[in-house]
Amino acid sequence: MISLTRRATFSASHYYWNDAWSAEKNRQVFGRCANRNGHGHNYTLEVTVAGEPDPVTGFVVDLKWLKDVMEREVLSAFDHKHLNLDAPEFAHAIPTTENIAIAAWKRLEPAITAAGGAKLTRIRIHETPEIFAEFRGES
Amino acid sequence: MRAYFGRRYMLSASHRLHTAALTAEENRAAYGKCNNPNGHGHNYVVEILVGGAVDAETGMVVDLVALDEAVRTRVTDRFDHANLNLDPLFADRVPTTENLCRAIFALLRDALPAGELEQVRVEETENNFFECSARG
């Protein structure tokens, strides 16, 4: 089994806010991230798939195909967008790095599984070079 | 749902790779430049990966500020701008980056504000790094 990772970047804005809490508690828990005018990051999306190399092509997955899937399913929805306002999954969920990783998995997994080859094994989202989250499809 | 939160920290420290179990010549053969009697140093990058359920209220596996505080008090305050050979943890252990990685794992395992310590990665230079996980 070989794992293969493709990386892409997107730029988006967001803020952290839990509607069930008071403004004071939001500011206390989320600090500067609770500024309702938002702020932004250059995110990195890493998609890891695993499988056996095809006996004819030697590919685990066609990288151009994977690039197109990432563009269609994730980047078109998140790049140069305000995650809280433009992405439906964050209408009621906070767009933390953890939740963005889960959202990217949910967007990519059906297309990758439908192709019938390599399996999606990991999504990693870097919010900054020092901060990242991973989702591996665990319940 | 279980997810993982990762954070990278820097620390600068000196060390010398040398063991009393080997002769001077054997130490030089085993450790090469790293056996220089006066030691040398690195800018280490310590990457901490914490696994756990994503909290329904905060959307987070672990609070970043609380994690920073745990890493600061347990790891960076201890090792940053220090000579690793003089730390009691390396009194009977060579401060290779493998052993530093395990030491950091042990120092943090029970000190996290939330979640479980999934993996510690220590990058000694841009070209070599070491990983240690709960599995061993």
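This is a predicted model: local features need pLDDT of at least 70, side-chain atom pairs count only at pLDDT 80 or more; totals for chains, interfaces and linings use all residues.
Student: How many helices and strands does chain A have?

Tutor: Helices (H or I, at least four residues) and strands (E, at least two) are DSSP runs, numbered from the N terminus. Chain A has four helices and five strands, arranged from the N terminus as β-α-β-α-β-α-α-β-β. Chain B has three helices and five strands, in the order β-α-β-α-β-α-β-β. Along the principal axes, the C-alpha atoms occupy a box of roughly 60 × 30 × 25 Å in chain A and roughly 60 × 25 × 25 Å in chain B.

Student: What share of each chain is buried?

Tutor: A residue is buried if 20 or more other C-beta atoms lie within 10 Å of its own, exposed if 12 or fewer, and partly exposed in between, with C-beta atoms placed from the backbone. On that count, 34% of the 139 residues of chain A are buried, and 29% of the 136 residues of chain B.

Student: Why is H82(A) classed as partly exposed?

Tutor: H82(A) is partly exposed because 16 other C-beta atoms lie within 10 Å. H82(A) belongs to strand β3 (residues 81-82) of chain A. Two residues are in contact if their C-beta atoms, placed from the backbone, lie within 7 Å. Apart from neighbours within four places in sequence, H82(A) contacts A12(A), S13(A), H14(A) and G38(A).

Student: Which residues touch the most other members of the largest nonpolar core?

Tutor: A nonpolar core is a set of buried Ala, Val, Leu, Ile, Met, Phe, Trp, Tyr and Cys residues joined through C-beta atoms within 7 Å. In the largest core, which has 58 residues, they are A101(A), A104(A), L108(A), I125(A) and V50(B). Helix α4 (residues 97-114) of chain A contributes the most to this core, namely eight residues. A second, separate core has five residues, including Y15(A), W17(A), F30(A) and I94(A). As for I125(A), its contacts beyond four places in sequence are Y43(A), L45(A), T97(A), I100(A), A101(A), A104(A), F132(A) and A133(A).

Student: How does the length of α4(A) agree with its number of residues?

Tutor: The expected span of a helix is 1.5 Å times one less than its number of residues. The 18 residues of α4(A) should therefore span 26 Å, and its end C-alpha atoms are 26 Å apart, which agrees.

Student: Where does α4(A) bend?

Tutor: The bend at a residue is the angle between axes fitted to the seven residues ending there and the seven starting there. In α4(A) a bend of about 35 degrees falls at L108(A), and a proline, P110(A), follows within four residues. After the helix comes G116(A), with a positive phi near 80 degrees.

Student: What do the buried residues of α4(A) pack against?

Tutor: An α-helix has 3.6 residues a turn, so residues three or four places apart point the same way. Among the buried residues of α4(A) are I100(A), A101(A), A104(A), W105(A), L108(A) and I112(A). The buried residues of this helix pack against β2 (39-51), α2 (63-78), β4 (119-128) and β5 of chain A together with β1 of chain B.

Student: How do the two chains meet?

Tutor: Between the chains, 14 residues of chain B are in contact with 17 residues of chain A. The side of chain B that touches chain A has seven nonpolar, three polar and four charged residues; Ala, Val, Leu, Ile, Met, Phe, Trp, Tyr, Cys and Pro count as nonpolar, Asp, Glu, Lys and Arg as charged, and the others, Gly among them, as polar. Two strands pair if DSSP finds at least two bridges between them. Strand β5 (residues 131-135) of chain A pairs with strand β1 (residues 2-15) of chain B in the antiparallel sense over four bridges, and F132(A) stands opposite G6(B).

Student: Which strands pair within chain B?

Tutor: Strand β2 (residues 40-53) and strand β4 (residues 116-125) of chain B pair in the antiparallel sense over seven bridges, with V122(B) as the bridge partner of V46(B). Six bridges also join β4(B) to the antiparallel strand β5 (residues 128-133) of chain B, where E123(B) stands opposite F129(B). The hairpin from β4(B) to β5(B) passes through two residues.

Notes. Residues are numbered from 1 along each chain as its sequence is written. Chains are lettered from A and ligands numbered from 1 in the order in which they are written.
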